[in-house]
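Here are my comments for a reader who is new to protein structures. Please keep the model open while going through the points.

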Amino acid sequence: MKNKVKEKIYPGWMCIPALGIYTLFYIVPIAAAFFFSFTDWNMDRMNEPKFAGLRNFINLFGDDVFLRSAGNTALFAVMTTILKLAVGLALALLVVQKFKGNGFFRTLFYLPCVLSCMIIGLLFTGILKMDGLLNNALRAVGMEAMACDWLGKYGTAMFWIIFIEVWMWAGFNMFLFISGLQSIPAELYESAQMDGASAWERFVKITLPMLAPSFTVVTTLNITGGLKVFDLVYALTGGGPGFDTQVLSTYAYRAFGLGLLGKSSASSMILSVGVVAITFAMNRFLRSKEVEA
């Protein structure tokens, strides 16, 4: 009897260190940010934060830079999710086939996502600046008129931020789709082919419905990651030119750097609540589609 009790208690004790670390580095910061988001805490009054009610949140939604940051965050999350889904699925359909060099191409497509975002950002900054590799290549082939500061204008800067994000993480999505594709019974394709179904019909009627669980996982991960983007934007543009490519994470970081700690906490809470709400709603919607599929 004592041995049975010990067996039940032992796993619980093993969780204490992990729970302690989780609480210290996750729960406590969230609770602190929630508390200080309702104060006027700043660098001038580090030890005397005063309760400000909803003033920080009201001021944020009246701030054009914050609203632009929210719009950029939504644009980035939506566009990168769509493109990473499309490119990841296309790569998965390619490398799931058996051919010589299959493993090499899987590794090649996956490689960018193991690199540091800061290193990638610095690398592409060198490529895209006015005297960078891309402009020098354009000048070398007589297309000097196309050369410009690619990260110095909103349109081109956002394009490259989205492009680099897709380039980095499409390989990760590819592997998630590969696991889904490999779980589809080959008999379904054989039966459909015997019934005269074309390759497109097999893809639409079999592959896509059977990949519904994979789409749920991939979409949820990409939306969550897109809404929380920070390092890539910070490394490439720092939110510039001006505030043009600012996202919610860099907005909160800049407010913190200016000593507006209450405002920074409020913007972080809005981002956190938004990520949780959107992720939950998206996950619930996609799971309902799994049942229909």
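**Notes on the model**

1. Proline 241 counts as partly exposed because its relative accessibility is 26%, where buried means under 20% relative accessible area, exposed means over 50%, and partly exposed lies in between (1.4 Å probe, protein chains only). This is a predicted model, in which local features need pLDDT of at least 70 and side-chain atom pairs count only at pLDDT 80 or more, while totals for chains, interfaces and linings use all residues. Residues are numbered from 1 along each chain as its sequence is written, and side-chain values use heavy atoms, with hydrogens and water left out.

2. Proline 241 sits in the loop between helix 11 (231-236) and helix 12 (248-257). Leaving aside neighbours within four places in sequence, proline 241 is in contact (heavy atoms within 4.5 Å) with Leu151, Gly152, Lys153 and Tyr154. Between proline 241 and lysine 153 there are 6.6 Å in space, C-alpha to C-alpha, although the two are 88 residues apart in sequence.

3. The protein as a whole has 13 helices and 0 strands, both being DSSP runs numbered from the N terminus (helices H or I, at least four residues; strands E, at least two). Its radius of gyration is 24 Å, well over the 19 Å that the globule rule gives for 293 residues, so the protein is more spread out than a compact globule; the radius is taken over C-alpha atoms, and the rule is 2.2 Å times the number of residues to the power 0.38.

4. Of the 293 residues, 38% count as buried.
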